[in-house]
Each structure stands twice: as structure tokens, then as C-alpha cells.
Amino acid sequence: MNIAICGGTGFIGQALTEHLLSRGHDVTVISRNHASEEQSGARRLTWDQIKAEPELLEGTGAIVNLAGASLNQRWTPKAKRSIMDSRLTTVLAVAKLVQALREKPAVVVQGSAVAVYGTSLTETFDEDSPSHVVDFPSSVVKEWEDAADEISGVRLIKLRTGVVLGNGGGAFPLMKLPYMLGFGGRIGSGKQWVPWIHLHDIVRLIEYCITQPDISGPVNATAPEPVTNSMFGQTVGQVYRRPHWFPVPSFMMKAVLGELSLMLLKGQRVIPEKLLTHGFRFEHPTLRQALQDLKEH
């Protein structure tokens, strides 16, 4: 299948490109500029090229849009605008692209996040749970998903991701660092939920969603066994044989990170009900399995 990836130069996008190429798909990576490093076998196009000649993507069977500025930065007013605008701009660009193509893709996989559910220590969220705007991350995702509804005439998947665990990027190297330095411990109360997923499983499930025509709408891209922050840290300590003893109080995180600390002090227990119902099998369903694999690779 011909698959176009918007945001294909990012942490998940690069892994997805490699996975799809290994599976025999033809991949086109769309980015703001031509990447300096070419991934063998992937065609590279810029947004400017696509806007000028949308016919370059005729025959594309699927579009995956993972583009958007990272949330992992201090949330100044300028950063908040960038985070929001980067998402809305790319979603609307994909909507225009789909309308411009004579032969529509079969599916668009639009990036989203589990923050759309809000936060809770006690509730469990699946794809049927309502959105709940309580803070900046949830407001971003709500507007992001609303904008995605402009993508019409094709099967649309809203990929609600959790914390993606991989060695080459994302949050995990920073989450692991205190343990490697001997100062690991719970953050805040430690009771907040961490909806996580192994990088290999998220690229597999994206391909699964593309190739399964009966999957549409919101899809929780999280492992089936979420853990609390304290359980996450204990497991990191056990797998990497490091102590889990040095708690970081909430006030310290707020002082250092400001509003960004919400990403570490709040969470939600999210279950990938739709994927499980449709028969997707996780290769790393438990955190211990996922961390052991990351340690070995």
C-alpha cells in the first residue's frame, strides 16, 4: 500500500516509517523541509510541494498525520500558541489535501492523545468515554479532534496516544534518567495513572488500523495494563536494578516545570478497548515486558 506520513521525521514517525518499509509498503514522508537524513526507500516531499501539486499523492491508500509541536516544553503563552496552531494547521492541511485528491485514500489516521478524557485517580476510560476539558492538554486535544472532523469522505481514525516508551526519543529517556543516577522515586503522590505503550506496539497498531476496514473513530493507543506513577517507577527500578527511594514532591515539580508539571502530576487510566475487541495483540502488554525489551535493545 502507498502510505503518506505527515510528521514522519519525529520520534514515532521515524519508527513508523521504518516499520512500514520493512512490511513492504511504499512510504512518502511529508515534512516542512527536506530532511537531512534520508531513510532508505522512503520518498520525501515538503508541505509546499504538496500544496502546489497535490496530485503527487494520487494513489495514496492511507495518510497518517502525526505532525505537531511537542508538549515537552515549558508552556509559555508563545509555546501554547505554537502547540495549538501546529496541530490545527496540519489537520486542516490534510483535510484540504483529501478534498483535492481525485482518488481519495481509504483511511486517514489522525494523531490525538488520551488527555482528551481529562484526569482522574479513580475512573477508567475507553473509547466510549466522553471528552472532558479540564486543563491545557485536554483543551488542545479537544480542538485537535474537532478540527479533524473536517477530514470528510474517508474512514477517519483518531489515534489517542499515551506515553510512548522507546530508547531513541520521547519521554522515557528522561523518565529513566533519575534512576540511572540513583535518585529514582515517585513523583507527587505517585497515585496518578500513566497510560503507556511500547514504541514497537504503537507502530504495529497504526498499521493494523490502516489495514482493518472495520476500525474507525477514536482508538486508544495505550497498553492494556496501565500503571500508577509509583508502580511505573518501581518497575523501572526493578528492571534496571536501581533504587526507588527518592520521592519528588509536587511543589518542586511545579516550581521547576510550571504548568508543564501537569503532564507528570496528573493522569488517566485508559484501556485500548477497541483494539482488543478487534483482535489486536500487543507484543508488550505489561510494563515489565516493555522495559525488559528496551533494556535489551
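Is Met 252 buried, exposed or partly exposed? I looked it up. Met 252 is partly exposed, with a relative accessible area of 39%. Here buried means under 20% relative accessible area, exposed over 50%, and partly exposed in between, with a 1.4 Å probe and protein chains only.

**Ground rules**

I noted that this is a predicted model, where local features need pLDDT of at least 70, side-chain atom pairs count only at pLDDT 80 or more, and totals for chains, interfaces and linings use all residues. Residues are numbered from 1 along each chain as its sequence is written, and side-chain values use heavy atoms, with hydrogens and water left out.

**Entry: Met 252**

I placed Met 252 in helix H8, residues 250-257. Helices (H or I, at least four residues) and strands (E, at least two) are DSSP runs, numbered from the N terminus. I then checked Met 252 against Thr 161. They are 91 residues apart in sequence and 27 Å apart in space, C-alpha to C-alpha.

**Entry: Lys 274**

I found Lys 274 in helix H10, residues 273-277. From Lys 274 to Gly 217 I count 57 residues in sequence and 9.7 Å in space, C-alpha to C-alpha. I looked up contacts next, meaning heavy atoms within 4.5 Å. Leaving aside neighbours within four places in sequence, Lys 274 touches Glu 127, Ile 215, Ser 216, Gly 217, Pro 218 and Val 219.

**Entry: helix H11**

Which residues of H11 are buried? In this helix, residues 287-296, they are Leu 287, Ala 290, Leu 291, Asp 293 and Leu 294. Seen down the axis of H11, they fall within an arc of 160 degrees, so they line one face of the helix. The arc is that of the directions from the helix axis to the C-beta atoms. I recalled a rule: an α-helix has 3.6 residues a turn, so residues three or four places apart point the same way. The buried residues of H11 pack against strands S8 (163-165), S10 (196-198) and S12 (227-228), and against helices H5 (172-180) and H7 (229-240).

**Entry: the whole chain**

I listed eleven helices and 13 strands. The radius of gyration is 19 Å, close to the 19 Å that the globule rule gives for 297 residues, so the chain is as compact as a globular protein of that length. That radius is taken over C-alpha atoms, and the rule is 2.2 Å times the number of residues to the power 0.38. The C-alpha trace spans about 60 × 40 × 40 Å along its principal axes. Of the 297 residues, 54% count as buried.
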